[in-house]
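I opened the model to look up a few places in both chains and kept notes as I went. The entries follow in the order in which I checked things.

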Amino acid sequence: MNFKTIITTIAVLGTGITLAACQMDAYQAPNPNGSELWSGYKTATAETRAMQDDDFANPGMPMVDSAAALYNKKDGEANMSCADCHGAVDDPKGGSKGLPMKGVSARYPVYDADTKKPINVELRINKCRTKYQKAKEYKYESDAMLGMTGLIALQSRGIPMMSTADNPSDELNAAWKAGEAFYYERRGQLNMSCKHCHEDHQGELIRAEVLSQGQSNGFPTYRLKWSKLGSLHRRFRGCNGNIRAEPYGYGSDEYLNLETYLAWRGRGLPMEGPSVRK
Amino acid sequence: MKHTKFMTAAIGLAFVGAFAVNAQAADMPKFTIVNDTIPASLTGKPGDAANGRKVAIDRKKGNCLACHVMPIPEQQFHGHVGPDLHGVAKRYDEATLRMRVVDPKVLNEDTMMPSFFTTGQHRVTKKFEGKTILGAQEVEDVIAYLKTLM
């Protein structure tokens, strides 16, 4: 598969779509990324890029394959599989209920009317586990959850991230605002905010690492350092901990708001999960 | 984001104020700012440039190499986030360098460079809460080292 060509084509397409959307939208917050929108793939090492370009070399894939089996396995008191309701994971029609996995990761987080908060793919999976399968939740950073989010992300590969959460009429706007405040707030003994590294100094070397824009389009990510797939919230915890700031919990309100805000910063970037990084 | 920045700066200043008043507390950073410089040594003792160089390299202490190119050839991977520190002593006097290391936010409220001798940041991990990144003598050692970069 020539993933790079697909990505480039879709990136160009995606930019077109975003531009068209801008013209239609009544409200548009200024783009904080600078002149160019880019994924961490651009500054990743040649080694990790090659792994990401080839699904057979991508070390995140075995976990995704295990999740594909889980997806089709009946579970819980309801004795139903994900596929019983959603159809095959790559069914563009999404089975009898018309709820396909394609495009989900590019659209999420969305607003959950039950909790009045953002819901991300992880929490959505668990909601189906408890509400429909009557099964136990997956632990946030468990192999099953990472594989399942990877499997679902795979169905959005090449689709541009879309978020209109900056629009005051969007149900996610309050979460977007809270996420933005978090992004620009200094924290930790080293007293930095996300923007110091990923906005002001993007593209620059911090010791041996090139700072990217810190985009979320590649998650879950296989990190060589973790030697396994990891969630976006795990990365948040790492970026907090590195500046000696107390991290927040997996699936916490703070991180859900931040995830909502990052999805907006990345709007137009094609999805590339499960990606591979150092 | 203007508002947020202003708030951060205001909180920062409040803390500097607090240090001045609360000069008795044992591990509270004490220093006097004069026209955006700190003329007086933090310890009254001269700094040790050789140790300052070590502190600058140490990832758990100064970690200056994360962001600066420095004349430290035995270390690989110098960061490029801040200016090259070759010849920095020609550009700044000791009092300005001390201000820069103690609390660079006084010089540039939006800087990414950490304040190495302040406390009171938001949400610091338990292990480092209430502690400065460097001790007073370590700051003086780093200043002594920076002064050799002519």
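I count two residues as in contact when heavy atoms lie within 4.5 Å of each other. By that rule R235(A) touches F219(A), R223(A) and W226(A), leaving out residues up to four places away in sequence. I note at the start that this is a predicted model.

Entry, annotated positions in chain A. I looked at R235(A) because UniProt, in an unreviewed entry, places the feature "binding site" there. R235(A) sits in helix α10, residues 232-241 of chain A. Is R235(A) buried, exposed or partly exposed? Its relative accessibility is 28%, and so I put R235(A) down as partly exposed, the class between under 20% for buried and over 50% for exposed.

I then went to C239(A), which UniProt lists for "active site", also in an unreviewed entry. C239(A) is placed in helix α10 of chain A. The relative accessibility of C239(A) is 36%, so C239(A) goes down as partly exposed. Such annotations may be inferred rather than shown by experiment, and I record both as what the UniProt record says.

Entry, helix α7 of chain A. I checked the length of α7(A), residues 143-154. The helix has 12 residues and reaches 16 Å from its first C-alpha to its last, close to the 16 Å expected at 1.5 Å a residue. How many of the 12 residues of α7(A) are buried? I find nine, and α7(A) is mostly covered. The buried residues are M145(A), L146(A), G147(A), M148(A), T149(A), G150(A), L151(A), I152(A) and A153(A). For what covers them, my list includes the chain A helices α3 (61-71), α4 (82-86), α5 (104-107) and α6 (121-131), together with β6 (228-230).

Entry, α6 against α7 in chain A. Two packed helices are described by the angle between their axes and the distance between the axes. I looked up both values for this pair. The axes of α6(A) and α7(A) come within 10 Å and cross at roughly 110°. That angle makes α6(A) roughly perpendicular to α7(A), since 65 to 115 degrees is the range for that word. On the α6(A) side I noted V121(A), E122(A), I125(A) and N126(A), which meet M145(A), M148(A), T149(A) and I152(A) in α7(A). By class, this contact has five nonpolar, two polar and one charged residues.

Entry, backbone geometry. Most residues other than glycine have a negative phi, and most peptide bonds are trans. I therefore wrote down the exceptions I came across.

The peptide bond from Y108(A) to P109(A) is cis, with omega near -5°. P109(A) is in the loop between α5 and β1 (110-112) of chain A. The bond from G273(A) to P274(A) is also cis, with omega near -5°. I found P274(A) in the loop between α11 (253-265) and β7 (275-277) of chain A.

For phi, I noted R244(A), a residue other than glycine with a positive value near 60°. R244(A) lies in the loop between α10 and α11 of chain A. At a relative accessible area of 14%, R244(A) is buried. In chain B, N63(B) is not a glycine and has a positive phi of about 50°. N63(B) is in the loop between α2 (49-57) and α3 (88-91) of chain B. Its relative accessible area is 25%, so I class N63(B) as partly exposed.

Entry, chain B as a whole. I find five helices and zero strands in chain B, and its elements run α-α-α-α-α from the N terminus on. Of its 150 residues, 42% count as buried. I also looked at contacts in chain B between residues at least 6 apart in sequence, and 50% of these join residues at least 24 apart.

Entry, K105(B). I located K105(B) in the loop between α4 (94-102) and α5 (136-146) of chain B. Its relative accessible area is 15%, and K105(B) is therefore buried.

Terms used
Residues numbered from 1 in each chain as written. Chains lettered and ligands numbered in written order. Predicted model: local features only at pLDDT ≥ 70, side-chain atom pairs only at ≥ 80, totals over all residues. Heavy atoms only, no water. Helix = DSSP H or I, 4+ residues; strand = E, 2+ residues; numbered from the N terminus. Expected span 1.5 Å × (residues − 1). Buried < 20%, exposed > 50% of the residue type's maximum accessible area, 1.4 Å probe, protein only. Axes fitted to C-alpha atoms, helices over the stretch in contact; angles between N-to-C directions. Parallel < 35°, antiparallel > 145°, perpendicular 65-115°, else oblique. Nonpolar A, V, L, I, M, F, W, Y, C, P; charged D, E, K, R; others polar.
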